[in-house]
Structure formats: C-alpha cells, structure tokens
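User: I am new to this structure. Can you show me how to read some of its features?

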Amino acid sequence: MTAPTSRYRRALALPAGMALATALAFLPGVNASAATGTPAASADGPTLSYVVNVRPGHAVSARVQQAIAEAGGSVVVAYDRIGVIVAHSANPGFAQRIRSVRGVDSAGATRNAPLPAQSTTDMGTPRTLSAGEAAQVTAADGQDPLEPLQWDLPAIKADKAHEKTLGSRDVTVAVIDTGVDDTHPDIAPNFDRAASANCVSGKPDTTDGAWRPSASESPHGTHVAGEIAAAKNGVGVTGVAPGVKVAGIKVANPDGYFYTEAVVCGFVWAAEHHVDVTNNSYYTDPWYFNCTTDPDQKALVDAVTRASRYAERKGAVNVAAAGNESYDLASDSITDPVSPNDGTPSDRVIDPHECYDIPTQLPGVVTVAATGAKGLKSSFSNYGLGVIDIAAPGGDSTAYQKPEPPATSGLILGPLPGGKWGYMAGTSMATPHVAGVAALIKSTHPHASAALVKALLYAEANPTPCTDPYDINGDGKVDAVCEGSKNHNGFYGRGTADALAAVTR
C-alpha cells in the first residue's frame with residue numbers, strides 16, 4: 001500500500017507530539033443470500049473483489065448470479081433487499097462484461113490489490129496514558145478517575161447532561177470500524193454482542209470475538225467505542241452516552257483497508273439488527289473521492305448509497321467523519337494525491353460535487369467536522385458550506401488549542417485495547433461525540449424516527465459563528481476561509497453538538 005498516513009481519511013498527522021487518529025471498518029450484514037458459481041470464463045488475472053448492483057429482489061439477483069458465474073466470477077454474498085451482489089473474479093474483463101447483462105445497474109472492482117490484500121502497514125500510534133499521569137489525576141465526586149482529563153465532555157455539556165440521564169439501555173450505537181475490544185473494562189458493561197460482527201469479507205462472521213482487533217491491528221475502533229459509551233463505573237473515562245449500548249462491526253481488513261463490500265455488509269448488518277446510530281470514522285478505500293464518471297467508482301458509490309439508505313430506512317442515524325486534510329469540500333476542485341491507495345496514486349484533480357468521499361458525502365449522512373479545546377475548527381479538519389452538518393471535539397495540537405487545567409492534552413482521551421487508555425485526534429474522534437449525542441436524543445425520544453433525531457440534533461446544536469480570520473498557528477497567514485452565517489457555515493455546520501439540549505428539549 002502507498003501513502004499510509006493518508007489512507008485513513010479520518011486519521012491525521014499533527015505537529016510535534018500529536019498522536020495519529022486512524023480508523024475505519026465495516027461489518028457483516030444479514031438477510032442475505034449466499035451462493036457460489038463455477039467460473040466459465042478464463043481466469044488470467046489477479047483475483048479481485050467486485051460489487052454488482054441490480055434491482056432489489058431475488059428474481060433479478062438470481063439471474064445475474066448465473067451471468068456472474070458465466071463471466072468467470074463467484075458470488076460471495078447477495079444482499080437482495082438492496083440489490084447489491086459481492087463477487088470475486090480473476091477475469092480482467094469481468095466488470096465490463098457484467099455491465100452489459102440485462103438487469104445490472106452498475107458494476108465495478110472494489111480494489112486494485114489482488115486478494116488476499118498486501119502486507120500490514122503502520123497506521124499510526126496513539127499516545128498511551130502512563131500510570132504516572134493517571135496517578136496525578138484527582139477526580140471529583142461522581143466522576144470516573146480520568147474524567148478530569150476529558151475537556152471534550154464539558155465542551156458539549158455532556159457532564160451536565162449526565163446529571164439528567166446517562167442514556168437508555170434500549171439504544172445501541174454501532175461502531176463500523178477497525179474492531180472493538182469488548183473485554184476492555186470501560187466497554188464491557190455496555191457492549192452489545194448480538195449486534196456485533198466481522199464484515200471484512202463482505203459477508204458477516206458472528207464467531208465469538210470476530211469483531212475484535214488483533215494485537216497488530218489499529219486500536220481506532222476501541223477508542224471510538226469508548227468515546228461514545230464508556231461506562232460510568234468508577235473506571236477510566238466516561239463516554240458521551242455512558243448508559244447506552246455499543247456494538248462493534250469490524251470492516252477494516254488486517255492491512256487497514258475499508259473496502260466497499262465490507263462497508264455494505266456493515267450498514268446492512270446494522271440495519272437488520274435494529275441499531276439506532278452508526279458511527280463511521282473512515283472513508284471507503286481505495287479512492288478518497290469516488291467519481292461517478294468512472295464506471296468502477298460509480299458502482300462503489302451506488303453500493304454504499306444503497307446500504308446506508310437501507311440502514312436509515314430501518315431507523316439508524318448514520319454519522320460520518322469529514323476527513324483530516326483541511327480540504328474545502330464545497331470548492332470547485334480538489335487535488336487528490338493518494339488515490340488509489342492500494343495501487344499507484346497520482347495527483348488527480350477532482351470536482352467534489354461529482355466525486356464523493358463515501359459515506360461522508362452521501363445523502364442523509366450526518367457529516368462531522370472537528371474542533372479543538374478552544375472551540376475552533378481543528379487545524380486538520382475538512383470543511384465546506386453545505387457539506388458540514390455539525391461540529392464536535394476531535395482534538396488538535398496542544399500548541400494550537402490548549403485545554404484548561406486539569407486537562408493537559410489537546411487530544412481526545414479514550415480506551416485502547418488491552419485495558420489501556422490513550423490520546424488520539426481527528427474527525428474520527430469528533431464523529432463519536434455526535435453519535436453519542438444522537439444516542440442521547442434517541443434515549444429522550446425513543447419513538448423518534450431517524451429523520452427526527454437528525455432534525456433535533458441540528459436544531460439543538462449550539463450555533464457557532466465563522467472563525468474569521470482563521471489563522472490557527474498564528475503565523476499571520478489565513479489557513480482556511482469560512483463561509484456562511486452563525487447558524488449555518490462551512491466550519492461548524494449548524495453549530496457544535498449539545499448533549500445537554502439533547503436530554504432536556
């Protein structure tokens with residue numbers, strides 16, 4: 001793989017001492033038919049994975065599955081309810097041939113690297129909280145031991161919200177990510193095993209513990225899960241919604257790629273298991289932006305769109321990270337230097353109105369920008385008027401935005417696998433704050449539809465005016481330009497998420 005630091009779109013590299021925030025993953029779906037076909041066409045290329053999009057329903061799917069076999073492919077799984085088929089083939093002309101089959105809306109390769117994926121790469125390491133640092137923290141009555149270091153909770157009034165409610169056990173947030181360590185003492189009390197799975201292959205694996213990251217895999221999903229629902233149990237940190245349940249849907253493979261088939265499986269699994277909120281702190285590999293003018297990339301957009309819309313129709317609010325490259329996602333053009341990240345990337349100039357970061361820019365998805373300890377847009381956070389829906393704490397370099405004592409780091413503290421805690425930053429970390437607030441809204445309004453939860457999320461946000469001029473490092477140069485009004489702008493969307501309003505209005 002190339003450009004490892006850029007691949008995880010929600011992960012970032014910050015100045016001196018700032019930890020990387022990496023992340024993404026997807027888990028398996030249910031109510032899907034599985035089949036295999038004996039390839040009839042010659043196989044003279046690397047075996048790749050494909051998505052084939054057809055009209056929902058079994059009849060068309062069954063006919064296309066036969067065509068897939070005749071074209072030299074084998075079906076991994078067919079999600080008939082949304083009309084997405086996942087297939088493998090070593091036929092270089094597979095996608096082109098399948099696109100000509102009657103009933104096929106679109107088809108394309110989900111990757112450039114052959115199956116299995118290539119070697120593991122470094123995804124960035126969070127800064128682990130030392131025992132000495134933990135021992136110096138003095139918690140007030142009612143606080144978990146490390147809560148004084150969590151400047152992000154009062155930033156969205158979560159500490160005040162917890163005086164009203166911790167959230168409902170009837171609400172589940174699914175972390176579609178790199179996997180969740182459900183044995184962690186801060187996560188175990190609230191973990192929903194029934195709604196957890198491994199979707200890496202595109203087909204759900206519910207083997208016990210399949211949703212956990214291995215020792216060599218990213219801790220990202222565990223950190224995200226803890227930010228949402230770390231239990232208020234006298235241990236470690238406190239989540240935004242410490243009374244709700246959290247599930248792990250693993251969609252990142254061992255190399256850290258979030259491929260389309262895994263993401264589709266993750267959304268379908270969440271939908272079929274009645275998840276209330278999904279957290280998506282990643283972008284779908286291998287393209288940072290998927291251009292609908294390209295037949296392969298169009299198929300990926302179609303597949304993930306169908307899956308995310310299905311989850312929303314089933315009641316889930318889908319929340320996604322805006323990204324960490326300080327891109328203006330509302331601009332006329334962006335230079336994307338990292339795609340495809342599993343092949344040979346080039347500096348391609350794209351139009352973000354036609355080439356989409358998925359699932360971030362898909363219809364209905366809540367797009368989240370990050371803020372730092374001073375409440376300003378994080379130095380790395382993407383932005384854009386009409387693209388950003390809401391903002392929340394994601395951390396920033398302590399040199400740029402230093403928190404008030406007793407907090408010492410401008411990053412976000414959360415659980416790490418193996419019973420540890422550590423600091424990470426990124427829009428990956430902002431997104432679970434919004435997912436947690438959405439979970440509190442659902443707890444307060446248990447019969448609210450996904451559309452109503454989103455409407456309340458935006459209406460109850462704290463309006464945050466543009467930062468103008470925005471010179472985050474103080475060097476006298478404008479680092480980004482914010483457009484829009486106090487109630488709706490490119491840096492903060494409708495404003496900063498408000499947990500207290502979520503439980504009182």
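**Reading the backbone and the helices**

Analyst: Start with one residue. His274 counts as exposed, because its relative accessibility is 57% and the cut-off for exposed is over 50%. Keep in mind that this is a predicted model.

User: Where is His274 found?

Analyst: His274 sits in the loop between α8 and β9 (277-280). Its backbone deserves a look too. Most residues other than glycine have a negative phi. His274 is not a glycine, yet its phi is positive, about 60°.

User: Which phi does Ser326 have, positive or negative?

Analyst: Positive, about 55°, and Ser326 is not a glycine either. Ser326 lies in the loop between β11 (317-321) and β12 (334-336). Ser326 counts as partly exposed, at 24% relative accessibility.

User: What about the peptide bonds?

Analyst: Most peptide bonds are trans. Look at the one from Ile358 to Pro359: it is cis, with omega near 10°. Pro359 is placed in the loop between β14 (355-356) and β15 (366-371). Pro405 and Pro406 are also joined by a cis peptide bond, with omega about 10°. Pro406 belongs to the loop between β16 (390-393) and β17 (412-416).

User: Now the helices. At what angle do the axes of α8 and α9 cross?

Analyst: At roughly 15°. Angles under 35 degrees count as roughly parallel, so α8 and α9 are roughly parallel to each other. Helix α8 covers residues 260-272 and helix α9 residues 295-313, and their axes come within 8 Å. The crossing is left-handed.

User: Which residues make the contact of α8 with α9?

Analyst: From α8 they include Val263, Val264, Phe267 and Val268. From α9 they include Leu300, Ala303, Val304 and Ala307. The residues of the contact divide into 11 nonpolar, 2 polar and 1 charged.

User: How many residues of α10 are buried?

Analyst: 17 of its 18, so α10 is mostly covered. At 1.5 Å a residue, helix α10 (residues 427-444) should span 26 Å. Its end C-alpha atoms are 26 Å apart, which agrees.

User: Is Glu163 buried or exposed?

Analyst: Exposed, with a relative accessible area of 62%. Glu163 is in the loop between α6 (158-161) and β6 (172-177). Now compare chain and space. Glu163 and Leu500 are 337 residues apart along the chain. Their C-alpha atoms are separated by 9.2 Å.

Definitions and conventions:
Residues are numbered from 1 along each chain as its sequence is written. This is a predicted model: local features need pLDDT of at least 70, side-chain atom pairs count only at pLDDT 80 or more; totals for chains, interfaces and linings use all residues. Side-chain values use heavy atoms; hydrogens and water are left out. Axes are lines fitted to C-alpha atoms, for helices over the stretch in contact, and angles run from 0 to 180 degrees between N-to-C directions. Helices (H or I, at least four residues) and strands (E, at least two) are DSSP runs, numbered from the N terminus. Angles under 35 degrees count as roughly parallel, over 145 as roughly antiparallel, 65 to 115 as roughly perpendicular and the rest as oblique. A crossing is left-handed if the near helix is turned anticlockwise from the far one by less than a right angle, and right-handed if clockwise. Contact means heavy atoms within 4.5 Å. Ala, Val, Leu, Ile, Met, Phe, Trp, Tyr, Cys and Pro count as nonpolar, Asp, Glu, Lys and Arg as charged, and the others, Gly among them, as polar. The expected span of a helix is 1.5 Å times one less than its number of residues. Buried means under 20% relative accessible area, exposed over 50%, partly exposed in between (1.4 Å probe, protein chains only).
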